[in-house]
Amino acid sequence: MTVAPPHPSIPTEGLRAQVRGRVLAPTDPGYEDARAVFYGGFDHRPAVIVRPTDADDVARVVSFARDGDHVLAVRSGGHSLAGHSAPEGGLVLDLRDLTRLEIDADNRTAWAETGLTAADYTAATAARGLATGFGDTGSVGIGGITLSGGIGFLVRKHGLTIDNLLAAEVVTADGRILQTDETSHPDLFWALRGGGGNFGVATRLRFRLHPIGEVVGGMLILPASPELLVRCMALAEDAPEELSAIVAVMPAPPAPLVPEEHHGRLVLVALLAYAGSAPDAGSTVAGSAASAGAAASGEAAVAPFRALAPPIVDTVRPMRLPDLYRVGGEDLGGDDDDEEYHPTAVAHTMFMDAVDEGAAETIFAYLENADAPMRAAQLRVLGGAMARVPIDATAFAHRASRIMTNVAAFYDTPDERADRQAWVADFGTALRQSDSGAYAGFLADEGEARVRQAYPDPTWERLAAIKAVYDPTNLFRLNQNIPPRVDHE
């Protein structure tokens with residue numbers, strides 16, 4: 001049996017002397033909280049956690065890890081499904097103290113440090129009537145979700161998060177702090193947009209902002225059947241681009257909002273977000289009229305969903321964009337902002353071409369015959385602005401994909417985890433259609449073959465070549481890893 005070599009000892013005091021930020025060893029106050037990640041099931045104990053104060057600190061830590069051959073992890077929001085945010089015995093570069101945000105409302109841009117969460121950023125920009133689209137979970141760090149692509153409530157109206165990324169400040173493996181955009185280090189900028197954390201530590205990101213007022217959004221819970229699911233998905237695909245929908249089939253949780261007679265029974269949960277035109281800030285009267293018009297358009301867009309069946313729960317209403325992050329979380333009895341909430345689940349992510357009668361019946365068959373108290377099939381309709389970006393414009397190459405699907409099951413014990421993992425894998429296989437791709441941002445620790453599904457061959461080869469330039473020793477490997485290309489003479 002081959003035994004992996006131990007991690008090199010990390011000289012913590014030497015690291016403290018080099019950085020201005022906090023350096024936490026296992027015996028230090030605050031270490032236990034700092035090592036916690038969002039998902040349960042991980043109990044890793046890093047040798048040291050560094051919370052830098054700026055890009056210079058980040059550069060010192062990167063150089064320290066490289067020179068000492070230390071395993072290096074980068075943590076933004078700690079939502080890695082693979083547990084990459086806190087490796088056993090490694091060095092964690094924890095960005096959560098990098099939270100500066102500079103909003104240029106006149107030019108509709110913002111420079112944001114990557115320790116900010118999606119909720120932090122969205123609340124600050126929404127106060128100016130502006131927004132950048134991230135995902136659907138407020139506690140996600142903007143660094144991780146951006147580098148993976150960013151699929152959320154505004155994906156059909158304004159595209160992926162990376163489609164609104166204008167520039168980035170990045171610390172590369174050699175300790176340089178690079179400013180990159182379409183004209184400065186354009187190869188690196190291309191790779192950052194979808195290639196994950198393979199190419200350096202993004203410390204600041206410059207985003208495009210879009211005018212946005214109130215959105216019409218919320219949650220509909222409807223009775224579930226294959227026929228109703230097919231009709232709901234058809235509505236979501238035919239809806240105006242201003243409307244994005246996330247549709248899930250799952251057992252109704254025992255939440256106060258859900259009538260008791262539905263608890264544990266399969267229901268259809270539709271999270272809807274209609275983002276219409278923002279009011280004209282130059283006129284109170286015109287702005288009020290525009291706001292009323294946008295609300296009316298939003299109500300008209302969601303009306304067909306309400307008409308599918310008498311709703312069990314209906315929270316759809318005009319609201320501020322930041323409030324959407326709480327829809328489906330607090331309302332269903334969970335709260336991703338709760339530091340004590342650490343869900344334990346296994347999942348499989350994929351793309352589908354369509355949810356027809358056969359696919360819908362497969363979804364119901366698997367969910368009805370599973371023993372996990374909580375399991376789900378989640379379906380996100382794509383298209384719109386995301387699909388109009390050329391496939392080779394960024395490292396996210398799934399522009400033609402129509403539906404992103406995630407199947408998941410929660411577990412309590414290691415034995416249960418193995419059973420749930422087998423069920424999830426079988427479920428994914430049963431739903432497979434012609435689109436064999438995967439979204440890197442939702443992959444767990446699933447091996448190189450699954451990472452390759454996130455990047456078609458031409459994209460993979462280009463990324464591997466760029467990796468060889470900026471990280472030839474694969475220092476940044478705790479991610480959905482793309483090894484540097486090795487040219488053989």
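What share of the contacts in the chain with a separation of 6 or more comes from residues 24 or more positions apart? The share is 73%. Keep in mind while reading that this is a predicted model. Here are my notes, going from the whole chain down to one arginine.

1. **The chain overall.** There are 13 helices and 19 strands in the chain. Its radius of gyration is 22 Å, close to the 23 Å that the globule rule gives for 489 residues, so the chain is as compact as a globular protein of that length. Of the 489 residues, 55% count as buried.

2. **The nonpolar cores.** The largest nonpolar core holds 64 residues. Those with the most contacts inside this core are Tyr121, Phe134, Phe207, Ile221, Leu324, Tyr455 and Leu463.

3. **The five-stranded sheet.** This is an open sheet of 5 strands in the order S5-S6-S10-S8-S9, with antiparallel pairing. Strand S5 (101–104) and strand S9 (177–180) are its edges, each pairing on one side only. On average, neighbouring strands are turned by 10° against each other, direction ignored. Within the sheet, strand S8 (residues 165–171) runs antiparallel to S10, and 6 bridges join the two. To find this pairing in the viewer, look for alanine 168, whose bridge partner in S10 is leucine 205.

4. **The four-stranded sheet.** Another open sheet has 4 strands in the order S1-S2-S4-S3, and here the pairing is mixed. Its edge strands are strand S1 (22–24) and strand S3 (72–75), each with a pairing on one side only. The twist from one strand to the next averages 20°. S3 and strand S4 (residues 91–94) are paired in the parallel sense over 4 bridges, and arginine 75 has aspartate 94 in S4 as its bridge partner.

5. **A helix that meets both sheets.** Helix H3 packs on the four-stranded sheet, where it touches strand S2 (48–51), S3 and S4. The direction of H3 makes about 165° with that of S4. Helix H3 (residues 55–68) also lies across S8, S9 and S10, running at about 50° to S8.

6. **An enclosed strand.** Why is strand S13 (residues 243–251) described as largely enclosed by the rest of the structure? The reason is that 9 of its 9 residues are buried. S13 is joined to strand S14 (residues 266–274) by 9 bridges, running antiparallel, and proline 251 has leucine 266 in S14 as its bridge partner. S13 is also joined to strand S18 (residues 375–381), again antiparallel, by 4 bridges. In that pairing, valine 249 stands opposite alanine 377.

7. **Arginine 193.** Is this residue, arginine 193, buried or exposed? Arginine 193 counts as buried because its relative accessibility is 7%, and the cut-off for buried is under 20%. Arginine 193 sits in the loop between helix H7 (186–192) and strand S10 (201–208). Its side chain makes a polar contact of 3.2 Å with the side chain of glutamate 182. Leaving aside neighbours within four places in sequence, arginine 193 is in contact with Leu147, Ile162, Leu165, Glu182, Ala393, Thr394, Ala395 and Phe396.

How values were computed:
Residues are numbered from 1 along each chain as its sequence is written. This is a predicted model: local features need pLDDT of at least 70, side-chain atom pairs count only at pLDDT 80 or more; totals for chains, interfaces and linings use all residues. Side-chain values use heavy atoms; hydrogens and water are left out. Buried means under 20% relative accessible area, exposed over 50%, partly exposed in between (1.4 Å probe, protein chains only). A polar contact is a pair of N or O atoms within 3.5 Å; within protein, one must be able to donate a hydrogen and the other to accept it, and residues adjacent in sequence count only if both atoms are side-chain atoms. Contact means heavy atoms within 4.5 Å. Two strands pair if DSSP finds at least two bridges between them. Axes are lines fitted to C-alpha atoms, for helices over the stretch in contact, and angles run from 0 to 180 degrees between N-to-C directions. A nonpolar core is a set of buried Ala, Val, Leu, Ile, Met, Phe, Trp, Tyr and Cys residues joined through side-chain atoms within 4.5 Å. The radius of gyration is taken over C-alpha atoms; the globule rule is 2.2 Å times the number of residues to the power 0.38.
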